[in-house]
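Work through the exercises below with the model open. Try each task before reading its solution.

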Amino acid sequence: MNKIWTTLLVLFCASALFAQEPDSKARTFTIEMPDTQLSFGVYGVVDGGVRYADRGIAPGSTPRTAFDSSIGRPSRLGFASEANFEDLLKAGIVLERGFSSDNGSDLGGWARQALVYFAKDGYGKLVFGRQQLPIFYQAIIFDPLRAHADAGMLSLNYKYTPRVDNLMAYESPAWKGLSFKTGYTFNYNNNETSGNDNDIPMAFFAPHYKNGKLEAALNLQYFRAASTTNPVRDGAEVTEGDAFALYNFGPFSLHGGAGFRHASQDDFVMFPGEGSDTFQFFTGVRVPVVKKVEFLSVYSRRVTESFTGGDDAITNEYATGFCYTPNKNLQFYLVYSDIINNAAAKNSYLNGGRLASHIPGDGGATAGGYQSSLTLSATYIF
């Protein structure tokens, strides 16, 4: 056991030194130690592009043209280290931070991920720390446009966060294509409080299946708000679930999914009066056109019942475009997207939505985000 903790200390120190090297792009190296093999690597995503957007939802708004960061996926830089012991036990760490490719600003230190894990072949992996939830990776797999979590198209869970603090998780090995990840946190955002009075515990279970041309996944999450600072909403519970699937027919791949969200009270994070029951579905395709070029299209519909007895908020969202992939690390996207809301769905993050065409909104949640946009972007993954 002392050997494990000593090795972890070496991992942390070596990662810090490695991160300071100026030319560390896509570099991995290994150190051999008695009974142990240490590996170090750097990875990341640089994403950005030009967006023309018509913010028709916000009254008095005007179109906007800008170079924006993280249009396709969030730009980020990560460092990973792993120790492999002779008894097949593995221990490792991951440190990941976000940044803006348009101005180079840092996005909150190691806020993307900061975790330590222990794994053994055939038994799975135990992971502790700030982690991406499975829904983050499900978005990349099942969304035809490879939308990142901030796109908010695939899952109602994005209303909160695709990553959580203080998470204790288990990842199973795969059995004939079937695996799962499950976890629990006492407080998904920031440190636990005295008596846990202001914490929001969360649990999730996410099975995943892949066999040949078929891939499918479920994501089930449960939140409970315990807030002494807002007793009106103390104990509000939110249950969420999503189901995804894709099938590769050869000439094209068909993607689809559906989700629900139920809150025991009005939404305790954003807009009072919303969030009783919400249902959503999406469908989309990826069709090869010529070599290295694909046609992409997706449509989703979201309906939210109002606590206050008003009209249901209905949002229809669609996006279509092309993806050019010259190599496995680089992708170019040309995408047009649009949001069609009824009156009850305007000026609302949850009901108005932000779709797979990578619309991050502008001017805050009450501005309603962009109604339509045309984007030309590039994603480089290393």
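Predicted model: local features only at pLDDT ≥ 70, side-chain atom pairs only at ≥ 80, totals over all residues.

**Exercise 1. Salt bridges**

Task: Find which residue Asp-68 meets in a salt bridge, and decide whether the two partners are buried or exposed.

Solution: 
- Start with the pair. The side chain of Asp-68 meets that of Arg-51, at 2.2 Å from N to O.
- Asp-68 is in strand 3 (residues 64-69) and Arg-51 is in strand 2, 17 residues apart.
- Apply the cut-off: buried means under 20% relative accessible area. Asp-68 has 9%, so Asp-68 is buried. Arg-51 has 0%, so Arg-51 is buried as well.

Task: Treat the salt bridge between Arg-76 and Glu-96 likewise.

Solution: 
- The closest N and O atoms are 3.3 Å apart.
- Arg-76 belongs to strand 4 (residues 76-85) and Glu-96 to strand 5 (residues 89-98), so the bridge ties together parts 20 residues apart in sequence.
- Arg-76 is buried because its relative accessibility is 10%. Glu-96, at 2%, is buried too.

Solution: 
- The two side chains meet at 2.6 Å, N to O.
- Glu-294 has a relative accessible area of 22%, so it is partly exposed.
- Arg-286 has 4%, so it is buried.
- In total, the structure has 7 salt bridges.

**Exercise 2. Nonpolar cores**

Task: How many residues form the largest nonpolar core, and which have the most contacts inside it?

Solution: 
- The largest core has 24 residues, with Leu-133 and Met-202 making the most contacts inside it.
- Elements giving two or more residues to this core include helix 2, strand 8 (163-171) and strand 10 (202-211).
- Another core, of 6 residues, lies apart from it; among them are Phe-40 and Phe-85.
- Now check Met-202. Its contacts beyond four places in sequence include Leu-133, Val-164 and Phe-223.

**Exercise 3. Rings**

Task: Which residues do ring pairs link into a cluster, and which charged residues lie over rings?

Solution: 
- The structure holds 14 aromatic pairs.
- Tyr-170, Trp-175, Phe-180 and Phe-205 are linked into a cluster.
- The charged end of Arg-97 sits over Trp-110, 4.4 Å from the ring centre.
- Lys-125 lies over the face of Tyr-117, 4.5 Å from the ring centre.

Key: Residues numbered from 1 in each chain as written. Heavy atoms only, no water. Phe/Tyr/Trp six-rings, centres within 6.5 Å; stacked < 30°, edge-to-face > 60°. Lys NZ or Arg CZ within 6 Å of the ring centre and 35° of its normal. Core = buried A, V, L, I, M, F, W, Y, C linked by side-chain atoms within 4.5 Å. Buried < 20%, exposed > 50% of the residue type's maximum accessible area, 1.4 Å probe, protein only. Helix = DSSP H or I, 4+ residues; strand = E, 2+ residues; numbered from the N terminus. Contact = heavy atoms within 4.5 Å. Salt bridge = Lys/Arg side-chain N within 4 Å of Asp/Glu carboxyl O.
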